[in-house]
Amino acid sequence: MKPINYKFRWFEKEDRRKLLRASVSRDGKLRLGRTLRSKLPRFIQVGFDTAAMVLAIADGHGAGIDCPACGVLTAQALSEQITAAGLHLPVAFALEQDEHTGYLLGRIIPRRKRDSTGRRQFDMEQLLILFRPILDGVVHQMSRSTPLADRKSIAAEAMCTAAQEYRPGYGDLGAYLEDRIKSTLHKENKQYIEAFGQRSLDQPLSCGDSDDFCLYDTLPDVGSDWTDSLDNQIDRERFFSRFSPEHQELVRLLQEGFRISEIADIFDISEGDVRRISAEIVQQRRKFDGEA
């Protein structure tokens, strides 16, 4: 009998007493957990990155804030930064030592609250704020043949659904949400790929008495790589459709390696005009990528 190569992932019981925790309350107090206090020096520095929503605690090297034995600090400026990011207090942080800076860095622990059935669910308002970078990144990177407003709506709904189904055994929450958003966007994007494909890939072909079909229908569905490639093609077509045929031809010649002087001769314009038109198209492309 052929032996089976198992790949087990062994789990250990989590000792919450070893976790480094901190929290900021509604009254503007920073509370340091007992285990965290045991690892802190006498004087500390406290900082907060509003964009990344990360708390930092560093060694004050004899200066800074005197860390009290009770672990409760007045941190009104910190609480104001947190609320300015759109979050509601209180918030809790889980901290880990950063090997590059030596700082203790803390990420916000997503808050859960009980719903009408008594089940503990994530606070979706807070979750959408915490994972907004992931949401925006996926929306702007994939499924670009789906209209932007629809992509945002699909992604937000996918995140809410995934959060309700999430269990600790699924691994990192952020990675799980990102995977679910990507798979949902990819699935929902197929309808736009098919509809756009009917217009962008050749004219419909007639096959006797049967319904017309286009060359798109003859292409096999070979997975996300193929649909991503077609998605990029659709994206390019949408962008270049806003230009005149002459400007589209100019870009094509540039892409094929024609020299500036040769293109100027073909269109009977100056080399400066060729460079100017090319620069304008590049600027519009960057703007288009930001809007799409």
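This is a predicted model: local features need pLDDT of at least 70, side-chain atom pairs count only at pLDDT 80 or more; totals for chains, interfaces and linings use all residues.
Visitor: In what order do the 8 strands of the open sheet run?
Guide: The pairing in this open sheet is antiparallel. Its edges are strand 5 (65-66) and strand 6 (72-74), each of which pairs on one side only.

Visitor: Which residue in strand 5 is the bridge partner of F43?
Guide: Strand 5 pairs with strand 3, which covers residues 43-49, and the two are antiparallel with 2 bridges between them. F43 has its bridge partner in strand 5, and that partner is D66.

Visitor: How many bridges join strand 1 to strand 7?
Guide: Strand 1 spans residues 21-24 and runs antiparallel to strand 7. The number of bridges joining strand 1 to strand 7 is 4.

Visitor: Which residue in the turn between strand 7 and strand 8 has a positive phi?
Guide: Strand 7 and strand 8 pair in the antiparallel sense through 5 bridges, and Q97 stands opposite L104 of strand 8. The two strands form a hairpin with 6 residues between them. Within that turn, a positive phi of about 85 degrees belongs to G102.

Visitor: Are helix 4 and helix 5 parallel, antiparallel, perpendicular or oblique to each other?
Guide: The axes of helix 4 and helix 5 (residues 148-165) come within 10 Å and cross at roughly 135 degrees, and the crossing is right-handed. An angle over 145 degrees would count as roughly antiparallel, and one from 65 to 115 as roughly perpendicular. Helix 4 and helix 5 are therefore oblique.

Visitor: Which element gives the largest share of the lining of the largest pocket?
Guide: The largest pocket has a volume of about 1600 Å³, and of the 38 residues that line this pocket, the closest to its centre are A94, I108, I109, P110 and D172. At least two lining residues come from each of strand 7 (91-97), strand 8 (104-108), strand 10 (120-122), helix 4 (132-141) and helix 6 (173-200). The largest share, 4 residues, comes from strand 7.

Visitor: How many residues in the lining of the largest pocket are nonpolar?
Guide: Sorted by class, the lining of the largest pocket includes 4 polar residues and 13 charged residues. The count of nonpolar residues in that lining is 21.

How values were computed:
Residues are numbered from 1 along each chain as its sequence is written. Side-chain values use heavy atoms; hydrogens and water are left out. On a 1 Å grid over the protein atoms alone, a cavity is a set of points where a 1.4 Å probe fits but cannot get out, and a pocket is an open set with protein on both sides within 12 Å along at least five of seven lines; lining residues have an atom within 4 Å of a point. Grid points are joined across faces, edges and corners, and a volume is the space filled by probe spheres set on the points. Ala, Val, Leu, Ile, Met, Phe, Trp, Tyr, Cys and Pro count as nonpolar, Asp, Glu, Lys and Arg as charged, and the others, Gly among them, as polar. Two strands pair if DSSP finds at least two bridges between them. Axes are lines fitted to C-alpha atoms, for helices over the stretch in contact, and angles run from 0 to 180 degrees between N-to-C directions. Angles under 35 degrees count as roughly parallel, over 145 as roughly antiparallel, 65 to 115 as roughly perpendicular and the rest as oblique. A crossing is left-handed if the near helix is turned anticlockwise from the far one by less than a right angle, and right-handed if clockwise.
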